[in-house]
Amino acid sequence: MLIDDFNQIIEDKVDEIQLNVKLDLRKDINRDRYYHRDLFLKLMNFKYRTLYGKSYYVVCSKELKGKLSKNPNEYVRNFHTVLEIISSKGNLIPYQSRHIDSTSFDTLFNNYVINHAHLSSKLKNNSNFMEGSDYLLFFITYGDTVFLIDIDRHPESDEWIDKKYAEIVYNNWSFIYESRRLRSITDVNPKHNREDEYLLSKSVILLKSIGGNAYLPFFSGISTNGVPTQYVMFSDYLMKRIYKIEKELTNEDHIKKLGFSCSRNCEFRLKLKNNKLYLFEQTRNECLDLGLPEIF
């Protein structure tokens with residue numbers, strides 16, 4: 001079954017990550033009927049939240065350039081270490097959130113796609129992660145570029161909703177948020193306080209005001225298993241597509257419509273190539289692009 005092939009693709013990807021970065025994505029997942037779906041959700045979280053094995057261009061905000069030297073020397077030194085990792089196919093995961101291997105809700109990331117790295121120089125005891133630091137580097141990834149936003153003290157609970165970092169992104173690189181802009185709405189004036197907004201952002205879509213414009217959050221709302229609802233929706237869409245394709249492959253006429261030359265005795269497999277799912281007919285070595293977006 002194609003769904004079995006997809007489950008194996010998930011397992012292989014998790015094995016690859018564990019081998020390369022010592023991150024156990026299987027931790028805390030129940031081996032029940034939803035096991036592979038939950039594992040895939042962790043992979044989705046990993047894809048959007050982590051930097052490793054790829055060199056990125058690095059661009060620094062004018063705000064950070066102006067205040068970098070004013071930070072304590074220890075954090076400036078660690079900043080340059082992190083900078084080298086980002087630009088040279090290094091593994092930034094140890095510097096990132098210690099919950100990076102979970103599906104916990106990160107309000108700043110879910111609202112504004114802003115990640116953070118700890119500017120520490122020591123690993124935490126019995127851990128693959130660095131010790132927490134008083135100062136964090138905030139950054140946003142867009143394509144092959146990492147945009148460095150600011151170095152700031154570790155926020156307190158409801159401060160993670162603070163849009164000051166998003167305002168820096170808007171002032172320096174407004175195109176990053178352009179796809180989320182609502183042109184028909186010009187004024188957003190929420191009546192709730194910061195604590196209420198922090199709690200509400202986990203369950204409903206709250207419009208954000210940045211630079212005088214209204215924006216949709218990137219990942220707003222959280223499902224019962226603790227992940228952004230968009231991850232769950234994409235996972236469910238993908239599974240339904242796979243089951244639908246499997247059903248269609250029982251019809252010879254449909255096989256021909258898909259573009260395969262065979263009509264009977266076909267052996268189909270689902271395979272991953274360039275981070276996209278392809279349908280292979282093994283006996284004739286024919287390949288079909290399923291038109292799905294990159295999944296890893």
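This is a predicted model: local features need pLDDT of at least 70, side-chain atom pairs count only at pLDDT 80 or more; totals for chains, interfaces and linings use all residues.
**Entry 1: helix α2**

I looked up the extent of helix α2 and found that it covers residues 35-49, 15 residues in total. From first C-alpha to last I read 21 Å, close to the 21 Å expected at 1.5 Å a residue. I then listed its buried positions, which include Tyr35, Leu39, Phe40, Leu41 and Phe46. Two charged residues, Lys42 and Arg49, are also on the buried list. For the packing partners of these buried residues, I recorded α1 (2-21), α5 (107-112), β2 (115-118) and α8 (229-248).

**Entry 2: salt bridges**

I noted 13 salt bridges in the structure. I first examined Glu11 and Arg26, whose side chains meet at 2.7 Å, N to O. This pair links distant parts of the chain, with Glu11 in helix α1 and Arg26 in the loop between α1 and α2, 15 residues apart. I found both Glu11 and Arg26 buried. I also traced a network of salt bridges that links Glu11, Asp15 and Arg26.

I classed Lys244 as partly exposed because its relative accessibility is 48%.

**Entry 3: Glu178 and Arg181**

Are the partners in this salt bridge buried or partly exposed? I recorded 3.6 Å between the closest N and O atoms of Glu178 and Arg181.

Methods. Residues are numbered from 1 along each chain as its sequence is written. Side-chain values use heavy atoms; hydrogens and water are left out. Helices (H or I, at least four residues) and strands (E, at least two) are DSSP runs, numbered from the N terminus. The expected span of a helix is 1.5 Å times one less than its number of residues. Buried means under 20% relative accessible area, exposed over 50%, partly exposed in between (1.4 Å probe, protein chains only). Contact means heavy atoms within 4.5 Å. A salt bridge is a side-chain nitrogen of Lys or Arg within 4 Å of a carboxyl oxygen of Asp or Glu.
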